[in-house]
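Subject: Handing over the structure

Hi,

Here is the structure I promised you. Have a look at it first, and then read on for what turned up in it.

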Amino acid sequence: MGNTKSKPPADPFQRSNFLSSFNASKRHTLFQKTATINDKDQATARPSIFSTLWRPNPVSNPNDFIPLFSDCITTASSRTQEYLLFKDPEDKFRPGAEVLTQIFLMTYICQSISLNMTESFNCTAMTPAQRILLGADWVWAVLEKPTKNPRIQIAVQVIHHLDREGPAEGTPEACTESMQMAQMVSSNKTMCEKMVDFCASIGKDCYALFLFFGKKNDMGNIYGVLSNNFEAAFGKCDKIDRDLIENFFKGSRYLHTPTGMLQAIVTKKEGDALTLLIKFS
């Protein structure tokens, strides 16, 4: 008898036909999962990462000067308020009305130049004669590009508390010939009425802004009353003066910021009347 070796029973998992069918089954399942995932990705269709690297060029905003103006006003108001609230223990230094006006205006101008905003928003200080004739201390103007013609104007008159007012402008020792002529032309009107007349002569795109360096119930802050419709008071009131303007604050519940003031002006419909109360400090 020859030695014959018996073969072990075949492992069914090693059979090629089983492996082929098993591998085919796995490939079919994997294909189904991949197809399902791809279908979900297509359904949620996200943009390519490369598309997020491109950004359109920013559109030029014609109102870019508004935050710059707000910065200038905040700086000027804060600087002026330091002197407005200052109390010398020896009572030797007490800045008068003219000094406070110049501090505000010069601080504003310096800040506006440093922020390079004069190409969009201009400031023109009045001469003493112009101030007597027109009633304005300075005029702000929104400039139209590229002509730089004034599109919107704001004539500003600073109103101080009575205890800060010095000698009336145009006293004989301070008068020049041009100032005397300006006084003669408008001697029958208050300073407030002169500025209202000046703005009304230009139109609804010119606003009168009365800037209060302290008012009756709050001597330490700076407020403003702005309107392009003050001329409506002519014939209804005896005169337009400090008391009439300050009465606008009675019963007021909301005060605009300088930013809100300019936004309201530039978005107003042409020809509409606009009156605002503003807190600058």
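There are 14 aromatic pairs in the structure; rings of Phe, Tyr and Trp (its six-membered ring) pair if their centres lie within 6.5 Å, and planes under 30 degrees apart count as stacked, over 60 as edge-to-face and the rest as tilted. One of them joins F210 and F230, edge-to-face, at 5.3 Å centre to centre with 75° between the planes. Because F210 belongs to strand β4 and F230 to the loop between β5 and α7 (242–246), this pair ties together parts that are 20 residues apart in sequence. Both F210 and F230 are buried, where buried means under 20% relative accessible area, exposed over 50% and partly exposed in between (1.4 Å probe, protein chains only).

F212 and F249 are also edge-to-face, because their ring centres lie 5.8 Å apart and their planes stand at 85°. Here F212 in strand β4 is linked with F249 in the loop between α7 and α8 (258–267), distant parts of the chain that are 37 residues apart. F212 is buried at a relative accessible area of 1%, and F249 is buried at 9%.

Before you go further, please note that this is a predicted model: local features need pLDDT of at least 70, side-chain atom pairs count only at pLDDT 80 or more, and totals for chains, interfaces and linings use all residues. Residues are numbered from 1 along each chain as its sequence is written, and side-chain values use heavy atoms, with hydrogens and water left out.

F249 also has a charge over its ring: the charged end of K215 sits 5.0 Å from the ring centre. The charged end of K215 sits over the ring of Y223 as well, 4.6 Å from its centre. (A charge sits over a ring if NZ of Lys or CZ of Arg is within 6 Å of the ring centre and within 35 degrees of the ring normal.)

Ring pairs also link F65, F69, F104, Y108, F121, W138, W140 and F213 into a cluster.

Now to the helices. The protein chain has eight helices and six strands; helices (H or I, at least four residues) and strands (E, at least two) are DSSP runs, numbered from the N terminus.

In α2, the buried residues include F65, F69, C72 and L84. Why do the buried residues of α2 line one face of the helix? Seen down the axis, they fall within an arc of 165°, so they share that face; the arc is that of the directions from the helix axis to the C-beta atoms. They pack against α3, β1, β2, β4, β5 and α8, with contact meaning heavy atoms within 4.5 Å.

Helix α3 (residues 97–114) has 18 residues that should span 26 Å at 1.5 Å a residue, and its end C-alpha atoms are 26 Å apart, which agrees. The expected span is 1.5 Å times one less than the number of residues. Among the buried residues of α3 are F104 and Y108. Just after α3, N116 takes a positive phi of about 55°.

T101 is found in helix α3 and is buried, with a relative accessible area of 4%. What joins the side chains of T101 and H160? A polar contact of 2.9 Å does, that is, a pair of N or O atoms within 3.5 Å; within protein, one must be able to donate a hydrogen and the other to accept it, and residues adjacent in sequence count only if both atoms are side-chain atoms.

Enjoy exploring!
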